[in-house]
Amino acid sequence: MKELLISSLEETERLAQTIADLLQPGDVLTLEGDLGAGKTTFTKGLAKGLGIQRTVNSPTFTILKQYEDGRIPLNHMDVYRLADQEEDLGWDELFYGESVTIIEWAHLIEDDLPEERLDIRIERLSDTERKFVFRPFGERYEKLCKEIYV
Ligand SMILES: Nc1ncnc2c1ncn2[C@@H]1O[C@H](COP(=O)(O)OP(=O)(O)OP(=O)(O)O)[C@@H](O)[C@H]1O
C-alpha cells in the first residue's frame, strides 16, 4: 500500500498525468472516494495525460464511456447501476483489451474484478487537501505503484 498527500487541485491533476505516463494497454484501475473527493477530477487528468482531447464527464448514466483518441484508449466505467443487473453483460471482456480501464464504485462488483489491478482511494482531508491510497494487486501494479510520485 502507498499513500500520498496532495495539497491542491493542480497537484491531483499532475498526479493523474504522472500515472497516465506509466500506463500500458490492458491496465485496470479502480477508483473509490466519497462525493466530491475528486474521482472525476482525477479521471480527467488521467485522460489528459493519455492524450485524450474529448471532454471526460462522469459516466453515471451510461455505465461505460470509451475515449479512443489518446495514446491508449480509455474505458471509463461507473458500475453503480451495473451491480443490480443479474444477467452477464459481457463487460468484463473489456479488461483484456487494448485499453486502460478505470472503474468507479468497483467494490460493488468486487467478485468480477480482475485479480491484477491497482485500487485507488481518494480521501478528502479539507477543501483542497486529499489523501491518495494506492493498493496494488499483482507484480505489474506493485512495480507501477513504486513509480508513482507527485
Ligand atoms: N486536491 C484536489 N483534488 C481533487 N479535487 C479537488 C481538490 N481540491 C479541490 N477540489 C475540488 O473538489 C471537487 C471534486 O469534484 P469531483 O467531481 O472530481 O469529485 P467526484 O469524486 O467525482 O464526485 P462525484 O462522486 O460527486 O462525481 C471539485 O470541485 C474540485 O475542484
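Which side chain has an N or O atom 2.7 Å from an oxygen atom of the ligand? The residue is Thr-40. This is a predicted model, where local features need pLDDT of at least 70, side-chain atom pairs count only at pLDDT 80 or more, and totals for chains, interfaces and linings use all residues. Residues are numbered from 1 along each chain as its sequence is written, and side-chain values use heavy atoms, with hydrogens and water left out.

Stay with the ligand. It is surrounded by 15 residues, each with a heavy atom within 4 Å of it. The closest are Thr-12, Lys-39, Thr-40, Thr-41 and Thr-128. Backbone atoms take part too. A polar backbone atom of Gly-36 is 2.9 Å from a ligand oxygen. A backbone N or O atom of Leu-9 lies 3.4 Å from a ligand nitrogen. Such polar contacts are pairs of N or O atoms within 3.5 Å.

Now look at helix H1, residues 9-22. Helices here are DSSP runs (H or I, at least four residues), and strands are runs of E of at least two, numbered from the N terminus. The 14 residues of H1 should span 20 Å at 1.5 Å a residue, and its end C-alpha atoms are 21 Å apart, which agrees. The expected span is 1.5 Å times one less than the number of residues. Among the buried residues of H1 are Thr-12, Leu-15 and Ile-19. Buried means under 20% relative accessible area, exposed over 50%, and partly exposed in between (1.4 Å probe, protein chains only). The buried residues of H1 pack against strand S1 (2-6), helix H2 (39-49) and strand S7 (130-137).

Next come the charges. Side chains of opposite charge can pair when their charged atoms come close. The whole structure holds seven salt bridges. In each, a side-chain nitrogen of Lys or Arg is within 4 Å of a carboxyl oxygen of Asp or Glu. Asp-27 pairs with Arg-140, with the closest N and O atoms 2.6 Å apart. Asp-27 lies in the loop between H1 and S2 and Arg-140 in helix H3 (residues 139-146), so the pair ties together parts that are 113 residues apart in sequence. Asp-27 counts as buried because its relative accessibility is 3%. Arg-140, at 22%, counts as partly exposed. Elsewhere, Glu-3, Arg-121, Glu-123 and Lys-131 form a network of salt bridges.

Finally, find Glu-32 in strand S2 (residues 28-32). Glu-32 is buried yet has no salt bridge. The nearest side chain of opposite charge, Lys-39, is 7.6 Å away.

Note on methods
Lys and Arg count as positive and Asp and Glu as negative; His and the chain ends are not counted. Contact means heavy atoms within 4.5 Å. A polar contact is a pair of N or O atoms within 3.5 Å; within protein, one must be able to donate a hydrogen and the other to accept it, and residues adjacent in sequence count only if both atoms are side-chain atoms.
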